[in-house]
Amino acid sequence: MITGKITRISGPIVYAEGLEGCGLYDVVDVGNKKLIGEIIRQNKGSATIQVYEDDTGMHIGEEVVSYERPLSLRLGPGLVGTIYDGIQRPLETMFNQSGAFLHPGQRTEPIDVTKQWKLEPADGTKEGMAIAPGIVLGYVQETASIRHAIMVPPTVRGRVLKTWKGAGSYTVDDVIGTTELDEDIKLSHYWPLRRPRPFAKKLTVSEPLITGQRVIDVFFPLSKGGTAAIPGGFGTGKTMTQHAIAKWCDADLIVYIGCGERGNEMTDVLTEFPTLIDPRTGRSLMERTILIANTSNMPVAAREVSLYSGITLAEYYRDMGMHVAIMADSTSRWAEALRELSGRMEEMPAEEGFPAYLPTRLAEFYERAGRVTSLNGQEGSVSVIGAVSPPGGDFSEPVTQHTKRFIRCFWALDRELANARHYPAIGWIDSYSEYADEIREWWDKLDGRWAQVRLSALELLKKEQRLQQIVRLIGPDALPDTERLVLTVADMIKNGFLQQSAFDAVDVYSVPEKQIQVLLLMMQFYERSLAVIKLGAPLLKVHELPVREEIVRIKSTVPNDKLEQIKDVENHLDEQFGALERMYRR
C-alpha cells in the first residue's frame, strides 16, 4: 500500500500528494472515514481522486491509502437478483446493516461469501488437463433461470490444471483448483470495470432482439448485440418503454442501470421488478435481472462509474454464451456527472459545458456492445439500450447528437404522441434502424413478406404526414378518395398496430408471427380498398365495412396462441370486398 495526504478538496474531487507510485484508476481509501475513491489523474506528484461517497466534513491533511489495484468488480455466483449501487455495493445487505442511511465508508462483500454453491464439473475437467482463459470448468445453478458457468479467469497465466477438487459445495472464496504456476482458481474473480473483457472474435449481427413491441420489432428492429437510444423529453415514456423491453425481450439476462434518475422512479423499479413474472419461465423476473440503482441524490462520481459496472457484468455473462440486454436510464444524467466532475477539475469545457472527451466516453460505452465468440467458443451478445433525456426534448443537444454517432437504432419519442396517450410514443418519422438489412434473413425464414410490407407501411405513414399538412389548411373533404384512404389506413396502423397497451393482457406482448400477420392484413385492406375505389365505389362504402374495425381490434381480441383466428378476419375481408367489387363491376 502507498500512503499520501489530502492537499485540496473540491466537492467530489480530492487532490493528494505522496501517491506518485500509484497507477491511473487505482482504488484508494480517502480520509479518516476511509471513503472509496479512484485516482483519475497524476500530475507532478499530485494525484487527482474522485470520491464515490459524500465527503462532507473532510479536512486537508487527512490520510489517503492506495491499494495499488484498479477499481474492480467481483464476478461470480450470486450476482443475479441483487440490487447494487454504482460501485457494486449490495444495497439490501447494507440496509440490513445500517438502516435507511448508509454510514460513510461503509462497505460489504458484493456477493455472499458464506453461501455454499453446488458445483457440477464440466465434462472432461480433471487434474492435469490443459486450460486457457475462458475455459469452462464447471457449472453452478445460480437461479432457476440462470446456469452459471465457472470459467478460468482471463488473468490466469497457467496452462495446466495442477489440482482440481471436483464436484461439491463451495463458497466463492474456496479454492477449487490451482495451475502449475500455483495460481488459485475460485468460483469468483475480480475484473477492472473500465477494461473490456477479452473475446475470441467479434461477429456480425444477424438475429433480432424480440421485444414483443410491434413498433420496435417490425419497424425499427434492434439486433442481439446491437445498440439503441431512446431520446425523449420529460414524460414521454423512456423509462416505461425500457421496463416493457426488460420484461418481454428474449434476452437471457437483463442488467438495468438506473443512472441519475429520480428516486421515486427507481423506487418503482425496485418494488415492481421483484413482483413481475418472467413470461418465459413463469418465475420472478428478478431471477434473470441485475439492478444497479444510482439515483440523482447519490454522489455524482458513483453515477459516472455505474455504466461501466453494468457493462462489465453484462460482458461476464456474455462470456458464458448468454444474450444480455442492458437498459441504461439515462445516459444524459451520466453525461451531466461527467460535466460536473470536469468542472471541478477546472478542465476547458466544450459545447454546453460538457467536457471535450464526452464523445470518447460515449463511444467506449456503446462499443462494448456486440455479438461475439467468447474465449471458450460459445456465442454471446450484449445489447445496449440507452435512454437520453435532452432538456426540453431538444434532439440537437450534444448528448443526443454524439449518441447518434455510436448507435444504429434510434427510437425517437414524440411529445405529441405521449400527450395523446399513444404508447409506446416512438415516432415513426424521426426514428430509424440500420439493422433491418442484417436481420432480414431471420425474418424471411419466418415470413418472406416482412421487408416489403414494412417498407410499404412506413411509406404510407410518411405520405399521411404530408397529407396532414394539406388537411390542416383546407380540410380533408378537399382531398380525393384515394388520398383520404391513406389517412384512413394510416389511422388503422397507428391505432391497431403501433399503439400498444401495457394493461391489456393480450396486447401487452405480441409474438412476431402475429405482428407480421396484422400488418399484412392492414396493407391488404389498403390495396383492396384502392381497387374498389378505382372501380367507382365511394370511400364511405369502404368505411362502412365491418372488417375495418375487426382488423384494428385484432391486437386485443386474438391471443398469441390462437393466431388461426386472424385467418377468419382475412376471410371476412375477402367476402366483404368481394361483394363490393361485384356491386361496382356491373
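Where is the place of Ser330? I found Ser330 in the loop between strand 21 (323–329) and helix 6. I took helices (H or I, at least four residues) and strands (E, at least two) as DSSP runs, numbered from the N terminus.

**Basis.** I worked on a predicted model, where local features need pLDDT of at least 70, side-chain atom pairs count only at pLDDT 80 or more, and totals for chains, interfaces and linings use all residues. Residues are numbered from 1 along each chain as its sequence is written, and side-chain values use heavy atoms, with hydrogens and water left out.

I looked up Ser330 for its peptide bond: the bond joining Asp329 and Ser330 is cis, with omega about 5 degrees. A cis bond also joins Tyr423 and Pro424, with omega about -5 degrees. Pro424 sits in the loop between helix 9 (415–419) and strand 25 (432–433). Lys44, in the loop between strand 4 (35–43) and strand 5, has a phi near 50 degrees, positive although the residue is not glycine. Glu68 has a positive phi near 55 degrees and is likewise not glycine; its place is in strand 6 (residues 63–70). I recorded these because most residues other than glycine have a negative phi, and most peptide bonds are trans.

For accessibility I used relative accessible area (buried under 20%, exposed over 50%, partly exposed in between; 1.4 Å probe, protein chains only). Lys44 counts as exposed because its relative accessibility is 84%. Glu68, at 44%, counts as partly exposed.

**Helix 7 and its neighbours.** I fitted axes as lines to C-alpha atoms, for helices over the stretch in contact, with angles from 0 to 180 degrees between N-to-C directions. Helix 5 (residues 300–318) and helix 7 (residues 358–366) have axes that come within 10 Å and cross at roughly 20 degrees. The two helices are therefore roughly parallel (under 35 degrees; over 145 is roughly antiparallel, 65 to 115 roughly perpendicular, the rest oblique). The crossing of helix 5 with helix 7 is left-handed (the near helix turned anticlockwise from the far one by less than a right angle; clockwise is right-handed). Contact here means heavy atoms within 4.5 Å. From helix 5, Glu304, Leu307, Tyr308 and Ile311 meet Arg361, Glu364 and Phe365 of helix 7. I sorted these by class into four nonpolar, no polar and three charged residues (Ala, Val, Leu, Ile, Met, Phe, Trp, Tyr, Cys and Pro are nonpolar, Asp, Glu, Lys and Arg charged, and the others, Gly among them, polar).

Helix 6 (residues 331–344) and helix 7 have axes within 11 Å that cross at roughly 135 degrees, so I logged the pair as oblique. Their crossing is right-handed. Thr331, Trp334, Ala335 and Leu338 in helix 6 meet Leu358, Arg361, Leu362 and Tyr366 in helix 7. By class, this contact of helix 6 with helix 7 has six nonpolar residues, one polar and one charged.

Thr403 in helix 8 (residues 398–406) came next. Its contacts, leaving aside neighbours within four places in sequence, are Ala229, Leu362, Tyr366 and Val388. Thr403 is buried, at 1% relative accessibility.

**Cores.** I looked up nonpolar cores (sets of buried Ala, Val, Leu, Ile, Met, Phe, Trp, Tyr and Cys residues joined through side-chain atoms within 4.5 Å). The largest has 92 residues, and Phe219, Trp411 and Ile493 have the most contacts inside it. Helix 13 (residues 512–534) gives the most to this core, with eleven residues. Apart from it lies another core, of 81 residues, with Ile111, Ala122, Val140 and Val300 among them.

Ile493 touches Ala457, Leu460, Leu461, Leu498, Met522 and Met523, not counting residues up to four places away in sequence.

Met492 lies in helix 12 (residues 481–498) and is buried at 3% relative accessibility. With residues up to four places away left out, Met492 touches Phe497, Met522, Phe525, Arg548, Ile551 and Val552. I listed the buried residues of helix 15 (residues 546–557): Val547, Glu550, Ile551, Val552, Ile554 and Lys555. They pack against helix 2 (214–219), helix 12, helix 13 and helix 16 (564–585).
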